Amino acid sequence: MSIVVTGASGQLGRLVIEDLLERGVEAGDVAAVVRDRGKAADLAAKGVQVRVADYDEPATLKEAFKAGDRVLFVSGSEVGRRLPQHTAVVDAAREAGVGLLAYTGILGGPAADFALAEEHKLTEQLILDSGLPHTFLRNGWYTEVYTQNLGTVLEHGAVVASAGEGRVASAARADYAAAAAVVLTGEGHENKVYELSGDTAWSFAEYAAAVSAATGREIAYQNVSSEQYLDVLVGAGLPAAFAEVLVDVDRAIGRGLLAGTSGELSRLIGRPTTPMPQSVAAALKG
C-alpha cells in the first residue's frame, strides 16, 4: 500500500509530498503520479516512487494505482476538459480497488453555482457512483491565485476586479496541502466532506491595502463592471473563454460564495491558516 499523489509535479502535489515526508512517511511508501518522469527526478532522488500516467490517456492510468492505495486525486487544470479526464481517473481507481480516494474539489460543492464549479460537482458524483471510499476536500481559493499577479498590480498601481465588496476566505496553498496530508495519513476521514477555507475573509480593498503596506506604495482597488473586467483579461492575453470563467468567479465572490469561514481547514491542520497579508509579504520577497 502506498500513498499516491496525482499531479505530483504541480504546485499543490509537490507541497503535499513534502508534507508527507516531513510527517515521517517513508519516501518509498509515497508514489508520485506525473505525466513527465523528468519533472519528478528530484522526487525520485529522495526515494519517492514515480508512476507515469496521463489523465488524457486512460490506458496509462492502469499502472497508476494499486489495491489499497490511499490516493490524492488532484483535479485537472484544463477547464472544459476535466470531466473525461476525471472519469478516466475514477475508473482506474475503482478497477484497482484503492483504499481511499481523496478529491480536491471546490468550496461549496453542490451549492457552488458558478461555471468553474460544474466539473467539480460532476466529478464528486462520479466518485459517489463508483462506490469507492472517498474524502471530498472542497478547497477554497488559494491566496497565490492573487499574489502570483502582484507584478501586474505593481505595474498599474491598482488591484482590478469586478467583485464589488465581495470577500474571499483564501488560504495559502501550503495550508490546503497540509490538510490533504492529514487525510492521507490519518483515520476516520472515509466518506467525509470538508469545506476548506481560510480563517478570515478579506475584501479586494483590504487586499490592496495589504499590498500598499508591504510595498510602501499607494495601491488602490479598482472595481469595474464584468464587461470591463473581461476586456482587461482578454487584453492581457487570456483566451476569451477562460477569461469569462474568471469573470464569472468574480460574480460568485460578489454573491458571497467564496467567503465562508467554516474553520474546518484550521481544525484539520491543527493551526491557524496563513493570513493573506503574510502571503502577500512572502510573494514580494520572492
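Mentor: Leaving out residues up to four places away in sequence, Leu137 touches Leu72, Ala102, Tyr103, Thr104, Gly105, Ala180, Val183, Tyr194 and Leu196. Contact here means heavy atoms within 4.5 Å.

Trainee: What should I know about the model and its numbering?

Mentor: This is a predicted model, where local features need pLDDT of at least 70 and side-chain atom pairs count only at pLDDT 80 or more, while totals for chains, interfaces and linings use all residues. Residues are numbered from 1 along each chain as its sequence is written, and side-chain values use heavy atoms, with hydrogens and water left out.

Trainee: Where does Leu137 lie, and is Leu137 buried or exposed?

Mentor: Leu137 lies in strand β6 (residues 134–139); helices (H or I, at least four residues) and strands (E, at least two) are DSSP runs, numbered from the N terminus. Buried means under 20% relative accessible area, exposed over 50%, and partly exposed in between, with a 1.4 Å probe and protein chains only. Leu137 has 2% relative accessibility, so Leu137 counts as buried. Leu137 and Lys192 are 8.6 Å apart in space, C-alpha to C-alpha, though 55 residues apart in sequence.

Trainee: Which residues of α7 are buried?

Mentor: Helix α7 is mostly covered, with eleven of its 13 residues buried. They are Arg173, Asp175, Tyr176, Ala177, Ala178, Ala179, Ala180, Ala181, Val182, Val183 and Leu184.

Trainee: How do I check a helix's length?

Trainee: What do the buried residues of α3 pack against?

Mentor: They pack against β4 (70–73), β5 (100–106) and α4 (118–130). The buried residues in α3 are Arg82, Gln85, His86, Ala88, Val89, Val90, Ala92 and Ala93. After α3 comes Gly97, with a positive phi near 75°.

Trainee: Now, how do I read a helix pair?

Mentor: Axes are lines fitted to C-alpha atoms, for helices over the stretch in contact, and angles run from 0 to 180 degrees between N-to-C directions. Angles under 35 degrees count as roughly parallel, over 145 as roughly antiparallel, 65 to 115 as roughly perpendicular and the rest as oblique. Helix α1 (residues 11–22) and helix α7 (residues 173–185) have axes that come within 8 Å and cross at roughly 55°. The two are therefore oblique to each other.

Trainee: Which residues of α1 and α7 meet?

Mentor: On the α1 side, Gln11, Leu12, Leu15, Val16, Asp19 and Leu20 meet residues of α7 including Tyr176, Ala177, Ala180 and Leu184.

Trainee: At what angle do α8 and α12 pack?

Mentor: Helix α8 (residues 204–215) and helix α12 (residues 276–285) pack at about 45°, with their axes 9 Å apart. That makes α8 oblique to α12. Glu206, Tyr207, Ala210, Val211, Ala214 and Thr215 in α8 meet Met276, Pro277, Val280 and Leu284 in α12.

Trainee: Where does Thr274 lie?

Mentor: Thr274 is in the loop between α11 (264–269) and α12. With a relative accessible area of 18%, Thr274 is buried. Setting aside neighbours within four places in sequence, Thr274 contacts Ala172, Asp175 and Ser279.
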